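Me: I would like to learn how to read a few features of a model. Please take them one at a time.

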Amino acid sequence: MEPGFKAETSREKDAPRQNLAISAYRQLKHDIIRGCYAPEQKLLMSRLKEQYGASTGPLREALSQLVADRLVVAISQRGYRVAPMSLAELNDIYDARAQLEGLILRLAIERGDDDWEATVLATAHRLAKVTDVNTPDDLLDLWDQRHKAFHTAIASGCNSPHLLQMRNTLFDQVERYRHLWLQETVMSSKALELKRQEHAALVDVILARDTAQADTLMRDHLMTPVPIITRVLEARGIS
């Protein structure tokens, strides 16, 4: 037997399990963000197996990653629960995100080149074109996808992989709260028009390399959802 053959076979055998764990992680994360599971709801392994078609091993790997993402809480000897939500966490995450996004934006304006400007313009144009979609869910998904692409394009100009990784981590943590805002606003043509105006104004000051004004507009833009999410949480008895 050739040296290394056994180890290679072992890796090949592990691959399907890793794929199942990744698939379960993505699906469960999507469902938690979309509110399919209530805050603090117990995640029963038997139901998860049925729901996601995965065995205990891949599901435990998926749940461990979701614990790291702060979307799931591990309970000693008692399994897992969906992480709680609170107004304090809402305000802290959004403030932290706005602070970091401001820093990244300032660096992007300083470092971004012509290609960066072109990408910002292109993603802004594609976002503005989201108007007539077949179903409300399709509208939400498409608008959210293009909105993320627009803001990611802006941030990319900072040319700092470490800052962008920190940004991604904060974005993952804010997603569950942010989805509450999306459900309340993206279905409204008035809200969509307001967002188009905000994005157009942001693009103008970014291309003008007006760092101070861009920073102010970005923070206002990012903090807009907080009062709406607060009302939703309070209506659900979350404080």
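Reply: Helices (H or I, at least four residues) and strands (E, at least two) are DSSP runs, numbered from the N terminus. This is a predicted model: local features need pLDDT of at least 70, side-chain atom pairs count only at pLDDT 80 or more, and totals for chains, interfaces and linings use all residues. Residues are numbered from 1 along each chain as its sequence is written, and side-chain values use heavy atoms, with hydrogens and water left out.

Me: Which residues of H3 are buried?
Reply: Buried means under 20% relative accessible area (1.4 Å probe, protein chains only). In H3 these are Gly 57, Pro 58, Leu 59, Ala 62, Leu 63 and Leu 66.

Me: In what order do the strands of the sheet lie?
Reply: Two strands pair if DSSP finds at least two bridges between them. Here 3 strands form an open sheet in the order S1-S3-S2, with antiparallel pairing. Strand S1 (42-43) and strand S2 (72-75) are the edge strands, each pairing on one side only. S1 is joined to strand S3 (residues 79-82) by 2 bridges, and Leu 43 stands opposite Tyr 80 in S3.

Me: Which strands does H3 touch?
Reply: Contact means heavy atoms within 4.5 Å. Axes are lines fitted to C-alpha atoms, for helices over the stretch in contact, and angles run from 0 to 180 degrees between N-to-C directions. H3 packs on the sheet and touches S1, S2 and S3; its direction makes about 110 degrees with that of S2.

Technical notes:
Buried means under 20% relative accessible area, exposed over 50%, partly exposed in between (1.4 Å probe, protein chains only).
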